[in-house]
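Good morning, colleagues. Please look at the sequence and the structure as they come up on the screen, and I shall then take you through one region of the fold.

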Amino acid sequence: MALLINKPEKISKDHYLLRFNIHGKIPLPGQFINIKINSGTDPLLRRPFSVFNYTDSITEIIVRSVGKGTKELVCAGCGEFDVIGPLGKGFTVLKNRKVLLAGGGVGNAPLYYLAKQLKEQKNHITFVCGFRSEEYVFCRDRYKSLADEFHLVTDNGSAGEKAYVTDKLAHLIGTDDYDMLYTCGPDAMMSKAVALSSKRIPVEVSVENYFGCGIGFCAGCTVDTLHGFKRGCADGPVFDGNELLWENI
């Protein structure tokens, strides 16, 4: 069991920050927790959420309210929840390197904890933080505080630079050298980010497939790779971007 220690905090349109006290294994960047929304059977399946941050047994997640389960969760009060995790395969944390992070929308969530760990390992961090518009931007200052170079982009230019994440990536990759690209967001964005790297830069992606069980039993979140089908929740959610068959995702 995990204790929700604060009422969900609205941080942008449809996005909420939740803090859980979870004792146990310290999560790795890119891992997730799986939450049972209530004690009943509606909704039946747990909901997965990337670890946004972790400090002293406090796990923070970002919830985008889009359906029945998430809407119920963001309206919850403090109390106990049935939570399992951390689950899945996380990102590779390099040391003393030059790294590029790119997030789209709620896909920025797992990149904060990653950036925090990368900073501790003395990496030079360039962060491209992308959103649809200003009303959806969350935790801007927290992201900026970890980046050596921070680029906020929005589709309509209402905050930061008017550009798509991949537009900014194309410019950065074309003008500088990086030891790793980490990305999370819509599949189309990640697919193009991988293509932009041209296999010259290693790329790790965090897939956002719907995880039914979260532990690999149901195989409902499989992704097609060069090595056959892999389970998104157990073999991922972090994969080598060049190993995924994007045309089948």
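Asn108 touches Gly103, Phe127, Val128, Cys129, Gly130, Phe131, Phe138, Tyr143 and Cys184, where residues up to four places away in sequence are not counted and contact means heavy atoms within 4.5 Å. This is a predicted model, in which local features need pLDDT of at least 70 and side-chain atom pairs count only at pLDDT 80 or more, whereas totals for chains, interfaces and linings use all residues. Residues are numbered from 1 along each chain as its sequence is written, and side-chain values use heavy atoms, with hydrogens and water left out.

Where does Asn108 sit? Its place is the loop between β9 (98-104) and α2 (109-120); helices here are DSSP runs of H or I with at least four residues, strands are runs of E with at least two, and both are numbered from the N terminus. Is Asn108 buried or exposed? Asn108 counts as buried because its relative accessibility is 0%, the cut-offs being under 20% relative accessible area for buried, over 50% for exposed and partly exposed in between, with a 1.4 Å probe and protein chains only. The side chain of Asn108 also reaches the backbone oxygen of Gly105, at 2.9 Å.

Let us move on to the helix that follows. Of the 12 residues of α2, nine are buried, among them Tyr112, Tyr113 and Lys116. After α2 comes Lys122, with a positive phi near 65°. The helix α2 lies across β9, β10 and β13, running at about 165° to β9; axes are lines fitted to C-alpha atoms, for helices over the stretch in contact, and angles run from 0 to 180 degrees between N-to-C directions.

Next, the sheet itself. Seven strands form an open sheet with mixed pairing, in the order β12-β11-β10-β9-β13-β14-β17, where two strands pair if DSSP finds at least two bridges between them. At its edges are β12 (161-162) and β17 (238-240), each of which pairs on one side only. Strands β9 and β13 (residues 180-184) run parallel and are joined by five bridges, and Val99 has Met180 in β13 as its bridge partner. Helix α5 (residues 187-197) lies across β9, β13 and β14 (203-206), at about 170° to β13.

Finally, I turn to Cys139, in the loop between β10 (124-131) and α3 (140-146). Cys139 counts as buried because its relative accessible area is 16%. Leaving aside neighbours within four places in sequence, Cys139 is in contact with Ile11 and Phe52.

Definitions and conventions
Polar contact = N/O pair within 3.5 Å; in protein donor to acceptor, adjacent residues only side chain to side chain.
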